[in-house]
Amino acid sequence: DHDLYCREVGPATLASSVSATSSSVTPRVGWDHIHETNEEFQQESSIPIPVEIECNTDVTYDTGTIDLTADQTSAEHEQELQLQVLSLQQQVASLTQERDNAHFGVHWIAGDDKKTRFYTGLPTYTIFQLLCNYVSEKALNLKEWQGSKTTGATDRRSGPQPFKTMSVDKQLFAVLVRLRLGLCGADVAARFNMPESSYSRLFSTWIIFLEKELNLLFPWPSRARVDHFMPECFKQRFPTTRVIIDCLEIQMERPTSLMNKSKTYSSYKSRNTMKILVGISPSGLVTFVSDTWGGRVSDKLITKSSGLLDKLEKGDSVMADKGFDIEDLLTPLGVKLNIPPKLGKSSQLSSQKVEVTRCIAELRIHVERAIGRARNYSILNQVFPVSMSGIASAIVFVCFFLTNFDECMVK
């Protein structure tokens, strides 16, 4: 009731009521009395009531000052920040370079011919750079090889493009390292700080790519070119020699298929092998490498089916080991076969045949030297996995033709 009374009566009556309650207890007020009091307040409300307001003059206000050099200070601060950003960028670039140098990469062989030979098989770092420059334009547009079933033999730009993050020289170096050192894919991937699956795709793509490019770089030489670079030892004895041939066998994993086991088993090596026909010019340049065949195939069959006969011309001669019984294949083409003479029915060779055998052996040895050079790429000295059979021919081709960058073998 007291609260209701305070809201209805107004300030003046409220002040007198508070004064009265300070001396005595105010009796309970009824509704009639409240109504009368409210009418009295309305009559007295026209009387002005003085009000005193106490102001706190101790409060001060800082309006601030106008800095006439604010623009100049802001510009200097901005310039200082730009210098700091530039310094931090240089530090990041320096740290990135240190991190890259800590990883295995092309910088390991830069300017060092000995390391270049060890890691890539190429004779000098300059030749590595020249090869890289030769393939760089096409390699920038190189796309993942999808396999022989989905990619045509002449199409080397099919599939997605997964190698843009690596420079061309780094990609080439990563491929040559595996060929030269014979490392497994997981090892090379770890050295280059990349997933094993990515490196596997990169290696397969680059092997097919290098096979095509090296074939263009070292085409089958013409008769005139062979004669121009013919060594004196051939000019005097066998001046019409166009190619010296031999076969090599590379051990491979035993296939699970019984048919493939039979096709790849070599009675000569007593193991499962891949067989390849190799041909060199009289000067020692590798000019022909066949596809891989099962170790069971004969030298005659691989010569007939490899495509070598299509490259020969009338008047040429072929030098080979006595195991190459291919005279019946060469005679219709007008090509002569130079092989060591056979013993025949006689118990020993005549002095003339012995001399011919010696001469042929002295010159034919160069093809074995060429095979030995190629075997410096350790991947050819290991047991070839069946999983890489799809690119085996390309790997052998690349290893042999990379030896053409070395010094001339026959002078």
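Contact here means heavy atoms within 4.5 Å. Helices (H or I, at least four residues) and strands (E, at least two) are DSSP runs, numbered from the N terminus. Phe203, Ile207, Ile208, Leu210, Glu211, Leu214 and Asn215 are what helix 9 brings to the meeting, and helix 16 answers with Ala394, Ile395, Phe397, Val398, Phe401 and Leu402.

How do the two cross? Helix 9 covers residues 196-217 and helix 16 covers residues 392-402; their axes come within 9 Å and cross at roughly 50°. That's why helix 9 counts as oblique to helix 16. Axes are lines fitted to C-alpha atoms, for helices over the stretch in contact, and angles run from 0 to 180 degrees between N-to-C directions. Under 35 degrees is roughly parallel, over 145 roughly antiparallel, 65 to 115 roughly perpendicular, and the rest oblique.

## The cores

Buried means under 20% relative accessible area, exposed over 50%, and partly exposed in between (1.4 Å probe, protein chains only). A nonpolar core is a set of buried Ala, Val, Leu, Ile, Met, Phe, Trp, Tyr and Cys residues joined through side-chain atoms within 4.5 Å. The largest one here has 80 residues, and Leu179, Phe203, Trp206, Ile395, Phe400 and Leu402 have the most contacts inside it. Helix 16 gives the most to this core, with 10 residues. A separate core of 18 residues includes Val243, Ile245, Leu330 and Leu337.

Zoom in on Leu402: leaving out residues up to four places away in sequence, Leu402 touches Leu122, Leu131, Leu176, Leu179, Leu214 and Tyr377.

## Out on the surface

Now hop over to Lys336, found in strand 7 (residues 336-338). Lys336 is exposed, with a relative accessible area of 54%. Its neighbours, not counting residues up to four places away in sequence, are Asp316, Ser317, Val318 and Leu330.

## The whole protein

The protein has 16 helices and seven strands. Of its 411 residues, 38% count as buried.

## Reading the numbers

Residues are numbered from 1 along each chain as its sequence is written, and side-chain values use heavy atoms, with hydrogens and water left out. In this predicted model, local features need pLDDT of at least 70 and side-chain atom pairs count only at pLDDT 80 or more, while totals for chains, interfaces and linings use all residues.
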